[in-house]
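These are my notebook entries on what I looked up in one structure. I kept each entry to one topic and wrote down what I found as I went.

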Amino acid sequence: MEPWMIVVILGAAAIVYALMLPKRQVNKTADKEQMVREVEATLEQYMADIERENEELVELIGQMKQDMTSRQLAQQEQLAEMRQRLVQLEQQHTQAETRLSEVEQGNRLAASASALGTQQETAAAAQESGQSAANDTETDQEEAKQPSIRDRYPELFELHAQGKSMEAIAKFTGLQKGEVQLILQLAKREGSL
């Protein structure tokens with residue numbers, strides 16, 4: 001090849017290169033603008049996502065507040081109902097205690113009346129027995145001397161001498177309390193106690 005041709009080819013290549021060079025800069029500027037637009041679009045999308053999430057969070061918090069308010073109202077209603085039940089139970093308890101004390105007083109009065117009646121019956125029986133015993137003693141002395149009450153109930157008098165109560169003596173000997181009292185009263189009249 002001839003040298004002038006080489007120079008022409010090199011010149012043409014330089015021209016083509018020069019023409020391409022501004023396109024690259026234009027492309028770089030376009031690429032930068034495109035990149036800025038993409039970044040802006042990404043940021044806008046990110047901001048929209050954050051705003052949407054914030055709205056969901058605010059909505060969730062509002063719903064939680066409503067739930068808490070409804071729970072508090074339900075608990076306050078339950079508390080009011082429990083207070084009412086407590087008042088009713090206290091009233092019932094007071095009524096039950098009143099009835100119980102009335103029943104206990106009635107039982108005490110009945111027991112006192114019963115004990116008084118038993119003592120009166122025992123005393124009457126003792127007087128009758130004492131009178132009949134006095135009559136019997138006179139006839140017995142005339143006929144023959146019989147064993148005394150002390151001889152008939154030695155265990156009873158021994159327990160009495162030890163200081164045992166009427167109930168304990170009655171329980172141990174198998175006699176009724178009234179019988180034990182009667183025997184002790186007869187022994188006093190007989191003079192052997």
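This is a predicted model: local features need pLDDT of at least 70, side-chain atom pairs count only at pLDDT 80 or more; totals for chains, interfaces and linings use all residues.

**Entry 1: the whole chain.** I counted the secondary structure and got 5 helices and 0 strands, so that I could write the order along the sequence as α-α-α-α-α. Of the 193 residues in the chain, buried residues make up 8%. I also looked up the accessible surface, where the chain exposes about 16,500 Å², with carbon and sulfur atoms supplying 56% of it. Among the contacts with a separation of 6 or more, residues 24 or more positions apart account for 55%.

**Entry 2: a nonpolar patch on the surface.** I found that L57, L60, I61 and M64 form a nonpolar patch on the surface, and that together they have about 370 Å² of accessible area. I placed L57 in helix α1, which covers residues 3–143. Is L57 buried or partly exposed? Its relative accessible area is 47%, so L57 counts as partly exposed, since that class lies between 20% and 50%.

**Entry 3: salt bridges.** How many salt bridges does a search of the whole structure find? The search finds 5, and I wrote beside this the general point that side chains of opposite charge can pair when their charged atoms come close.

I started with E33 and R37, whose side chains meet in a salt bridge at 3.5 Å, N to O. These two residues are separated by about one helical turn, because they are 4 residues apart in helix α1. E33 is partly exposed, with a relative accessible area of 42%, and R37 is partly exposed as well, at 47%.

Next I looked at E56 and R52, where the salt bridge is 3.7 Å, N to O, and where both residues lie in helix α1, 4 residues apart. I recorded relative accessibilities of 44% for E56 and 43% for R52.

For R85 and E81 I noted a salt bridge of 2.8 Å, N to O, and again a spacing of 4 residues in helix α1, about one helical turn. E81 counts as partly exposed at 40% relative accessibility. I then followed shared partners among the salt bridges, and these join D49, R52 and E56 into one network.

Entry 4: What does the side chain of S70 reach? I found the backbone oxygen of D67, at 2.8 Å.

Notes: Residues are numbered from 1 along each chain as its sequence is written. Side-chain values use heavy atoms; hydrogens and water are left out. Patches are made of residues with over 30% relative accessible area and no salt bridge: like charges are joined within 9 Å, nonpolar side chains (Val, Leu, Ile, Met, Phe, Trp, Tyr) within 5 Å. Accessible areas come from the Shrake-Rupley method with a 1.4 Å probe; for residues, only the protein chains shown count as cover. A salt bridge is a side-chain nitrogen of Lys or Arg within 4 Å of a carboxyl oxygen of Asp or Glu. Buried means under 20% relative accessible area, exposed over 50%, partly exposed in between (1.4 Å probe, protein chains only). A polar contact is a pair of N or O atoms within 3.5 Å; within protein, one must be able to donate a hydrogen and the other to accept it, and residues adjacent in sequence count only if both atoms are side-chain atoms. Contact means heavy atoms within 4.5 Å.
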